[in-house]
Amino acid sequence: MELDTALEVLSRIWGRFQMVNYSLLCVPIMFHASFYLSYVFTAKQVEHRCFIPECESDPLLADLRPAWLPTAMRDSCSRLATIPDDNSTWTCTPESFTNVSTTCSQWVYPSRQLSIMSEWDMTCKDNWKVTLVGTINNIGRFCGMPMAGLVSDRFGRRTVLLAGLALAGVMGLMRSLATNYVFFVVFEFLDPLCYAGLFSAAFILGMELMPAKKRVIWSAFTHGVYAAGEALLGVVAWALLDWRWTLRAFYGPALLSLSVLWVLPESIRWLASKGRTKEALSIIRRAAHLNRIPADQLNIDDIKLAAAADNETAGADKDEQTVSQELRQTLRSRVLLWRLLNCCFCWLTNMFVYDGLSLNSVAVAGNQYLNFILVCLIEVPAGLAAWLLMERAGRRASMCSSLILAGLACIVFHFLPADLAWARVTVFLLGKFGITISYTVIYVLTAELFPTKVRHSLFAVCSTIGRVGSILAPQTPLLARHLDSLPLIMFGSMSLLSGVLAFWFPETHNVKLPDTVEEAEQIGVRKKTAKKAPEQQGHVNEVFTVEDSAPGATNGHALAVDVDLDAEAGPETTSVRL
């Protein structure tokens with residue numbers, strides 16, 4: 001019995017093995033979602049104003065919007081100088097201030113504990129330090145992802161999952177104890193460096209425990225679980241209103257969850273590929289026992305695990321020699337090179353806009369915590385819509401329409417008046433809905449465009465270029481200092497441009513995955529088609545459509561061939577009319 005067949009038998013009934021293990025895998029996925037976006041609240045922009053010592057005594061007790069404020073303030077970074085007065089009874093009136101501006105030295109916030117900005121007075125000229133936090137976080141992920149992949153392939157998915165969660169828990173708790181900005185950003189980098197492979201390890205572990213036909217279910221389910229983890233972050237941050245305790249509320253339980261996650265099994269496929277067949281068979285036996293599947297249905301001792309490892313080892317040397325050749329051939333192809341560049345730009349756009357909308361959701365009018373929760377939860381219906389669109393409209397149409405929808409929504413946001421808070425939130429959510437669909441489609445489309453031997457390598461190239469968008473996205477709140485909707489205008493412009501460029505992608509729905517460069521180039525090129533009418537009395541009427549496969553060709557030329565066969569005269573008297 002083959003391994004896929006064994007997994008199919010195990011999954012016919014959703015038993016205790018699946019219930020326990022897939023429930024446990026949801027835990028690190030939710031923690032990864034909350035870890036990743038925690039900087040949205042730890043380093044969020046906080047409303048503030050200058051402290052006026054002539055009018056108030058303590059910045060911690062001062063009212064954020066006193067009645068006399070318009071007479072003393074120019075903006076959040078400067079105030080009006082006061083007129084010297086020897087009178088001991090000072091009153092804050094318009095006559096008490098001059099027209100000369102002076103720089104603020106202290107500020108008033110709703111609460112000092114809301115974020116590192118309010119606790120360490122990172123306003124005005126130091127505000128760039130706040131936006132830098134998100135960039136440092138994404139650089140940490142950028143460095144951690146390839147490391148996690150190497151460790152996963154060498155030491156196993158379960159090892160990366162448990163070690164990553166343990167190290168991230170320690171780094172997060174250390175960050176919550178930070179006493180200054182440098183202390184904070186050092187652990188802001190180390191934290192994602194450790195948890196970067198957490199989601200991928202849990203996702204792959206779940207995929208490799210399932211038969212091929214049911215993997216799409218796990219993929220769709222994890223999308224909803226991840227969105228729930230993001231929304232939970234917003235709920236906890238809203239309830240605590242303290243950046244230190246928000247971190248402790250997630251990183252503390254993450255460490256405690258290791259005692260439960262320890263029972264997760266290693267990937268059976270990974271064990272088989274490493275030749276550790278006894279451990280793999282032991283997991284299958286335990287799964288059969290938990291699901292109450294009779295031993296004779298599986299024939300566990302006859303399951304062919306080592307064969308896969310032997311075949312992989314035998315072909316490894318040959319693959320190493322041919323992958324570099326295939327990659328050079330792919331890059332020499334103008335068709336595939338254009339698709340690769342287009343893919344890279346689409347990945348950059350998707351990650352830039354997707355992360356940017358999540359970050360800027362706390363700056364939209366209305367309750368910033370509620371806005372963040374809604375922006376996260378909109379991903380659940382967007383994931384379902386992406387699946388339906390890809391199946392019914394195809395990859396290219398889904399990509400184009402969703403990017404254009406996101407772009408238009410972001411542009412429309414700019415023209416909505418600030419007092420229409422509900423309309424702005426609705427349009428903002430529509431933009432996140434569109435970019436989430438596009439983000440889902442780009443994963444599938446990229447995997448279907450390139451030859452088998454270089455598919456993973458080129459997928460990694462596109463994803464890496466896209467990560468640059470994630471690194472730049474945290475800097476977009478700085479643009480709002482010039483115009484509050486300027487980040488949305490940038491998101492909309494890039495989405496519209498990418499949506500137009502996506503028209504040049506070929507349709508890959510129901511198309512066989514290409515194994516060679518030649519097959520990849522032929523995707524989207526219409527081939528010769530033939531219609532044959534029923535033969536009657538030796539008469540054959542055939543219509544061929546000959547398509548021009550040159551780049552940019554869209555019209556074919558019909559060639560009608562009418563053949564009369566005279567059976568008595570023989571084949572020599574066949575007449576053809578064109």
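Predicted model: local features only at pLDDT ≥ 70, side-chain atom pairs only at ≥ 80, totals over all residues.

Student: How many helices and strands does the protein chain have?

Tutor: Helices (H or I, at least four residues) and strands (E, at least two) are DSSP runs, numbered from the N terminus. In the protein chain there are 23 helices and nine strands.

Student: What share of the residues is buried?

Tutor: A residue is buried under 20% relative accessible area, exposed over 50%, and partly exposed in between (1.4 Å probe, protein chains only). Of the 578 residues in the protein chain, 47% are buried. The accessible surface, computed by the Shrake-Rupley method with a 1.4 Å probe, comes to about 28400 Å² for the protein chain. Carbon and sulfur atoms hold 63% of that surface.

Student: What share of the contacts joins residues 24 or more positions apart?

Tutor: A contact means heavy atoms within 4.5 Å. Among the contacts in the protein chain with a separation of 6 or more, 74% are between residues 24 or more positions apart.

Student: What is a disulfide, and how many are there?

Tutor: A disulfide is a covalent bond between the sulfur atoms of two cysteines.

Student: Which parts of the chain does the disulfide of C50 and C104 tie together?

Tutor: The sulfur atoms of C50 and C104 are 1.3 Å apart. C50 belongs to strand β1 (residues 49–50) and C104 to the loop between β4 (97–103) and β5 (107–108), so the pair ties together parts that are 54 residues apart in sequence. Both C50 and C104 are buried. The torsion about their S-S bond is about 80°, so this disulfide is right-handed.

Student: Is the disulfide of C77 and C124 right-handed or left-handed?

Tutor: C77 and C124 have their sulfur atoms 1.9 Å apart. C77 is in the loop between β2 (73–75) and β3 (78–82), and C124 in the loop between α5 (116–119) and α6 (128–155), so parts 47 residues apart in sequence are tied together. The torsion about the S-S bond is about -110°, so the disulfide is left-handed. C77 is partly exposed, at 25% relative accessible area, whereas C124 is buried, at 15%. By contrast, C343 is in no disulfide, and the nearest cysteine sulfur, that of C462, is 4.5 Å away. C343 is buried, with 0% relative accessibility.

Student: How should I read the length and setting of helix α2?

Tutor: The expected span of a helix is 1.5 Å times one less than its number of residues. Helix α2 (residues 16–36) has 21 residues and reaches 31 Å from its first C-alpha to its last, close to the 30 Å expected. Of its 21 residues, 15 are buried, so α2 is largely enclosed by the rest of the structure.

Student: Which residues does F250 touch?

Tutor: F250 lies in helix α11 (residues 243–261) and is buried, with a relative accessible area of 6%. Leaving aside residues up to four places away in sequence, F250 touches F31, S34, F35, L232, L233 and V236.

Student: How many salt bridges are there, and which residues form a network?

Tutor: A salt bridge is a side-chain nitrogen of Lys or Arg within 4 Å of a carboxyl oxygen of Asp or Glu. The count comes to 11 salt bridges. R175, E188 and D191 are linked in a network of them.

Student: Where do R244 and E119 lie?

Tutor: R244 and E119 meet in a salt bridge at 2.7 Å, N to O. R244 is in helix α11 and E119 in helix α5, so the pair ties together parts that are 125 residues apart in sequence. R244 is buried, at 16% relative accessible area, while E119 is partly exposed, at 25%.

Terms used: Residues numbered from 1 in each chain as written. Heavy atoms only, no water. Disulfide = S-S within 2.5 Å.
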